[in-house]
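Here is a friendly briefing to read with the model open beside you. Take your time and look up each part as you go.

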Amino acid sequence: MAELSDASVPKFAAGCRWGGTTEAPVVLFPEGAIRVEGTGRIILELCDGHFSMAEIVEKLETQFILAPKDKIRADVQTFLEQLHAKRIIDY
Amino acid sequence: MTQYSHPLALIAEITHRCPLHCVYCSNPLELTSRQEELATADWLRVFNEAAALGVLHLHLTGGEPLARADLTELIEGARKSRLYSNLITSGIGLSRERLAQLVEAGLDHIQLSFQDSTEGPANWIAGARSHAHKLELAGWIREHQTREHRIAFTTNLVVHRQNIEHLEEMIAALEALHPDRMEIAHAQYYGWALRNRSALLPTRAQLDRAVAVVAAAEERLRGKIRIDMVIPDYHARFPKACMGGWGRQLMLIDPAGRALPCHAAGVIPGMRFDNVRDHGLDWIWQNSEAFQKFRGEAWMPEPCRSCDRRKEDFGGCRCQAFLLTGDASATDPVCELAPLHRLIEDAVREDAVTGLAPEVLEAPFHILQEKMAGFWSYRTDPK
């Protein structure tokens with residue numbers, strides 16, 4: 001499995017995109033959909049191919065000022081790795 | 001009457017016409033003819049109604065969906081209705097230009113079927129010369145994965161006793177086509193597959209080896225190719241949660257517009273299916289007798305009724321229960337707790353045996369065909 005580094009640029013894998021409604025957005029992928037809320041949604045909205053892993057973590061830091069940086073990075077990494085194994089996120 | 005909020009996926013069997021004649025085809029034995037097929041405008045209305053009902057995914061299947069000349073228009077309509085479109089195809093009849101049109105129209109996912117790893121056996125299983133074209137097509141699909149709108153590419157392989165021994169080679173051959181996803185689906189015994197069960201059902205030892213082969217491939221390909229496997233339920237201890245439960249998540253519309261809770265529901269006697277020509281999808285979902293029939297738990301006999309697993313497997317498959325026991329309300333005989341579980345044990349003992357077919361598979365293709373003539377029931381084409 002590809003390593004996720006600070007320089008990696010996470011983005012939706014082929015055939016994965018936003019769907020559902022503005023109030024209840026889902027990520028659509030072959031044979032399934034996931035409902036994302038809260039932090040998960042914020043992270044995935046940053047996975048548009050424009051931001052590196054380091055930049056995503058930085059943006060979250062300014063949003064969640066009380067959380068330690070290491071914890072934010074670890075959480076984002078776990079989240080993106082899980083979606084990578086499902087072939088929803090590429091990096 | 002149990003009310004369900006909405007289905008998540010719509011399976012649109014847009015035609016039963018097909019250039020292949022696979023021996024495990026899941027279409028009913030009685031196929032719908034071209035004259036009875038829904039018109040373009042009907043399908044576009046159905047897609048709109050489905051999206052309004054909360055459906056997210058549209059699976060365009062058949063038969064061979066490419067046999068419909070209006071496929072591009074249907075995909076365009078699906079995109080306008082905000083549905084995620086998945087084309088399930090043999091690829092026969094798909095040129096590079098037509099593929100580009102489908103992608104341009106908004107196709108999200110293409111699922112291409114394979115029958116075996118090499119030309120001879122693959123064509124033999126499909127009853128048509130098709131393998132070489134599929135390989136070429138896979139290359140064209142890859143061309144669309146580097147652009148702005150990238151479609152997902154799945155290879156689908158139906159596994160059974162005639163090809164299970166080549167599983168490792170098949171995975172390697174498909175890996176070389178660089179799909180995003182591989183579906184490794186053991187044949188399920190309905191329709192034509194049930195008719196050919198004695199030649200298709202793998203032995204327990206074969207299945208165990210196949211499961212190990214897939215597990216090793218999953219480990220090796222993690223993050224590159226996602227593998228989804230469907231095991232043959234005859235070898236399972238408990239039944240599959242067929243369709244995620246009757247009338248809970250899925251709706252299937254057949255080529256003539258009849259709305260069914262699953263592919264095979266037409267085999268159950270006395271079922272009345274409402275047609276999208278007469279009713280809206282919302283009405284059908286809420287009110288159609290066919291969707292009500294096995295919803296919830298009221299229909300369940302013992303041991304399902306008091307079983308903890310009933311919320312996971314919903315009592316298994318109603319069509320399989322009918323096909324094997326003659327009673328659609330019976331516990332799926334796959335379940336080791338089912339009163340008629342011996343029907344499955346008998347089938348495994350009698351049908352899942354290596355015999356005639358695997359030995360002759362070594363023979364050159366033309367000899368194989370002669371030896372096997374009359375052994376299979378190939379699906380026929382509708383008139």
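A cavity is a set of points, on a 1 Å grid over the protein atoms alone, where a 1.4 Å probe fits but cannot get out, and its lining residues have an atom within 4 Å of a point. Grid points are joined across faces, edges and corners, and a volume is the space filled by probe spheres set on the points. The model is predicted, so local features need pLDDT of at least 70 and side-chain atom pairs count only at pLDDT 80 or more, while totals for chains, interfaces and linings use all residues. Residues are numbered from 1 along each chain as its sequence is written, chains are lettered from A in the order in which they are written, and side-chain values use heavy atoms, without hydrogens and water.

**Cavities**

- Searching the whole structure gives three cavities of 30 Å³ or more.
- The largest cavity holds about 90 Å³ of space, and its lining includes Phe238(B), Cys304(B), Arg309(B) and Asp313(B).
- That lining has seven nonpolar, one polar and three charged residues; here Ala, Val, Leu, Ile, Met, Phe, Trp, Tyr, Cys and Pro count as nonpolar, Asp, Glu, Lys and Arg as charged, and the others, Gly among them, as polar.
- The second largest cavity has a volume of about 60 Å³, and among the residues lining it are Phe29(A), Arg87(A), Asp180(B) and Arg226(B).
- Four nonpolar, no polar and five charged residues make up the lining of the second largest cavity.

**Where chain B meets chain A**

- The contact (heavy atoms within 4.5 Å) takes 23 residues from chain B and 21 residues from chain A.
- About 1,700 Å² is buried between the two chains, and carbon and sulfur atoms give 52% of this area; buried area is the accessible area (1.4 Å probe) that two parts lose on being put together, summed over both.
- In chain B, Tyr84(B), Arg150(B) and Arg226(B) lose the most area to chain A, together 33% of what that side buries.

**Salt bridges**

- Side chains of opposite charge can pair when their charged atoms come close.
- A salt bridge is a side-chain nitrogen of Lys or Arg within 4 Å of a carboxyl oxygen of Asp or Glu, and the count over all chains comes to 29.
- Two salt bridges cross the interface of chain B and chain A.
- Asp180(B) and Arg87(A) join their side chains in a salt bridge (2.7 Å, N to O).
- Within chain B, Arg96(B) and Glu143(B) form a salt bridge (2.7 Å, N to O).

Note on methods:
1 Å grid on protein atoms, 1.4 Å probe; cavity = no way out; pocket = protein on both sides within 12 Å on 5 of 7 lines; lining within 4 Å.
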